[in-house]
Amino acid sequence: MKSHRKELWFNTNQRREFINITKFIEQEIILSKIKEGFVLVNAMHITASVFINDDETGLHQDFEKFLEKVAPEKPHSQYKHNGYEDNADAHIKRQLFGREVVCAITNGKLDFGPWEQIFYGEFDGLRNKRVLVKIIGE
Amino acid sequence: MKSHRKELWFNTNQRREFINITKFIEQEIILSKIKEGFVLVNAMHITASVFINDDETGLHQDFEKFLEKVAPEKPHSQYKHNGYEDNADAHIKRQLFGREVVCAITNGKLDFGPWEQIFYGEFDGLRNKRVLVKIIGE
Amino acid sequence: MKSHRKELWFNTNQRREFINITKFIEQEIILSKIKEGFVLVNAMHITASVFINDDETGLHQDFEKFLEKVAPEKPHSQYKHNGYEDNADAHIKRQLFGREVVCAITNGKLDFGPWEQIFYGEFDGLRNKRVLVKIIGE
């Protein structure tokens, strides 16, 4: 069994942002030389998500509106977590969109349906944060 | 390390439907001849989920009601994604119920608790859509 | 490829509770002698979650408040699932917080960011329930 590991770093310009990271994952699969296996992609921070959906701007606006409706950022004082912190909403949003994805690798490639794209979902940005890519297989 | 891959196809009669796919996954584990490992089961489309819960009709009605309450299908015009499309709600519902499950295989079987059943959750059906089953192990 | 399996048992004093189980997972990784691989940690019951977030009491109160807002326990009669049962809300809460986490193992340790902690999320407690830990790798 072979394994391969990579950290990806992101620093978003906005508090909340969705970044398509599919091409970075494809590159790590190539570097790993693994033909059959799994790739795990997870946020290493607890106010961010990694998820798979469509790369469509309107949909991303719908995601933002939905998440702000069910777990609004403000007023910050509505959350017990927010004293020194102001990011309780980001922890909840991350719970809803998930920490990680596990994807199949087949014939050395991401084994994806036609519209699947991997996103980094930042909910408390404006600083350096990491995503872990770990690949196992043969 | 061995691996095994299968695509399952579904075409639901309703826009939203939950289908118990546990027996198909059990069959692929047998075919794989893998005794110890992981099975990944994921929707290959971004308006569908794979998840594990109870096979109980009342509960599935509760799931439907919950998802329609937090991310209603109509009016279609409430979503930016919906111009040519009408399925923004299905993308959001899929986010909440998840894309995939990873399950343990022990002694050649799904290593499950007493009530765990694997479901395909369709949120934009009436057409052919796929689920990927990928197994790795020994 | 090596594999390792362990069941963890929990019996919470309250209906809903979050328990930090990180140290149990770290122990199983040591026992497995696996240096590079994946660890799957999943609830074996369908009214409980395993998830990764911050070990902060205020935040856990925010989680509880959020889940009770979107999927309230009472009145029990609002759910079709609740006849002999009274835990439909717990099935929905589990859907939102997820069944499982998959974590990377690197150099024989959990490959985690600075604040990542693994939690058992109980939504229908006061009885014995299990979490499965399955590790594969080399």
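This note goes through the predicted model point by point, from the single chain to the contacts between chains.

1. Basis of the note. The model is predicted, so that local features need pLDDT of at least 70 and side-chain atom pairs count only at pLDDT 80 or more, while totals for chains, interfaces and linings use all residues. Residues are numbered from 1 along each chain as its sequence is written, chains are lettered from A and ligands numbered from 1 in the order in which they are written, and side-chain values use heavy atoms, with hydrogens and water left out.

2. Chain A as a fold. Chain A has three helices and eight strands, where helices (H or I, at least four residues) and strands (E, at least two) are DSSP runs numbered from the N terminus. Read from the N terminus, the order of these elements is β-β-α-β-β-α-α-β-β-β-β. The C-alpha atoms of chain A fill a box of roughly 50 × 30 × 20 Å along the principal axes. Of the 138 residues in chain A, 65% are buried, the term meaning under 20% relative accessible area, with exposed meaning over 50% and partly exposed the range in between (1.4 Å probe, protein chains only). Among contacts in chain A with a separation of 6 or more, 82% join residues 24 or more positions apart, a contact being heavy atoms within 4.5 Å.

3. Residue A:G137. This glycine is found in strand β8 (residues 129–137) of chain A, and A:G137 counts as buried because its relative accessibility is 0%. A:G108 is 29 residues away from A:G137 along the chain, and their C-alpha atoms are separated by 10 Å.

4. Residue B:T57. In chain B, helix α2 spans residues 57–70 and contains B:T57. B:T57 counts as exposed because its relative accessibility is 61%. B:T57 and B:F18 lie 39 residues apart in sequence, with 9.6 Å between their C-alpha atoms.

5. Relation of the copies. Chain C is superposed on chain B by a rotation of 120° with 0.0 Å of shift along the axis, at an RMSD of 0.0 Å; that is the relation of a three-fold axis. For chain B on chain A, the rotation is likewise 120°, with 0.0 Å of shift and an RMSD of 0.0 Å. Copies are superposed by least squares on the C-alpha atoms of residues with pLDDT of at least 70 in both.

6. Interface of chains B and A. The contact takes 29 residues from chain B and 35 residues from chain A. Chain B and chain A bury about 2,600 Å² between them, 59% of it on carbon and sulfur atoms, buried area being the accessible area (1.4 Å probe) that two parts lose on being put together, summed over both. B:M1, B:I46 and B:Q95 supply 24% of the area that chain B buries against chain A, more than any other three residues. There are three salt bridges between chain B and chain A, each a side-chain nitrogen of Lys or Arg within 4 Å of a carboxyl oxygen of Asp or Glu. B:R99 forms a salt bridge with A:E116, with the closest N and O atoms 2.7 Å apart.

7. Interface of chains C and B. Here 29 residues of chain C are in contact with 35 residues of chain B, and about 2,600 Å² is buried between the two chains, 60% of it on carbon and sulfur atoms. The count of salt bridges between chain C and chain B is three, and B:E36 and C:K134 meet in a salt bridge through their side chains at 2.5 Å, N to O. On the side of chain C that touches chain B, the largest share, six residues, comes from α3(C).

8. Helix α3 of chain C. Since 10 of the 10 residues of helix α3 (residues 88–97) of chain C are buried, this helix is largely enclosed by the rest of the structure. Its buried residues include C:H91, C:K93 and C:R94. The helix is followed by C:G98, whose phi is positive, near 95°.
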